[in-house]
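Please look over the sequence and the model shown here before reading the notes that follow.

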Amino acid sequence: MAQKQSILGRISQLTKANINALLDKAEDPQKMLDQMVRDYTNSIAEAEQAVAQTIGNLRLAEADHAEDVAAAKEWGAKAIAASNKADQLRAGGHAGEADRFDQLAKLALGKQITAENEAKAAAPMIAQQSEVVEKLKTGLVGMRTKLTELNSKRDELVARHRSAEAQAQVNDAIKSIDILDPTSELSRYEDRVRRVEAQVRGQQELTSSSLDAQFAELEADAGQLEIEARLAELKGLGQGTPTPEENA
């Protein structure tokens, strides 16, 4: 009976297990679920054997009880038959034979009482075993339900894990694209082009400034030439025109 109670306690403990709470404490939930599925499967197989054995023992006890009940009834009938025969013989003046059948009736009554006592003693045990069997059957149903839940949880977790891994790969690819972004190379190249363009503009501005200086110099030379020309003209005029003293 202790073995049956132990089986019942183990089944009850397994069916009451909080899967989500266990998963929250697990370092590797998927690995834990795989192990739990194996443990539950093995426990269900062991429980099924134990329940089958318990049911078998119950059926044997019920059969023995039925035999005891039938035997009690049969010995009671034999006791009645022997007692009636004794009464008939005694009424017919055969007291010796009557006593022998009375003894047979007493023997049958003793057998009846023994069978009745055995059936009576077995009845509570059978009732208790029947209750245990029903609890074990209910526990098995609960364990199978838990196993279905475990498999569902495992499948869901595996699918989520694969999805997370795929997302992680995508994220890594995106990060690598960000790190090796070709547009950043274009930006650097554009900066180089802009620097070259700025240098060209600087050179152009420098060249323009030089030309402006040259033209300014030419303009200065032209102005000086005009001054010189006018000076020469003045001198020429001065040589051909009499002075005021000469006119006097």
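## Terms and basis

A residue is called buried under 20% relative accessible area, exposed over 50%, and partly exposed in between (1.4 Å probe, protein chains only). This is a predicted model, in which local features need pLDDT of at least 70 and side-chain atom pairs count only at pLDDT 80 or more, while totals for chains, interfaces and linings use all residues. Residues are numbered from 1 along each chain as its sequence is written, and side-chain values use heavy atoms, with hydrogens and water left out.

## Confidence

The mean pLDDT (the predictor's confidence in each residue, from 0 to 100) of the chain is 78, and 73% of its residues reach 70 or more.

## Salt bridges

Counting a side-chain nitrogen of Lys or Arg within 4 Å of a carboxyl oxygen of Asp or Glu as a salt bridge, the total is eight. One of them joins R90 to D99, with the closest N and O atoms 2.8 Å apart; R90 counts as partly exposed because its relative accessibility is 36%, and D99 is likewise partly exposed, at 43%. Through shared partners, salt bridges bring R90, D99 and D102 into one network.

Another salt bridge is formed by R59 and E62, whose closest N and O atoms are 3.1 Å apart. R59 is partly exposed because its relative accessibility is 40%, and E62, with a relative accessible area of 29%, is also partly exposed.

## Charges over rings

A charge sits over a ring if NZ of Lys or CZ of Arg is within 6 Å of the ring centre and within 35 degrees of the ring normal. K78 lies over the face of W75, 4.4 Å from the ring centre, and the charged end of R100 sits over the ring of F101, 4.8 Å from its centre.
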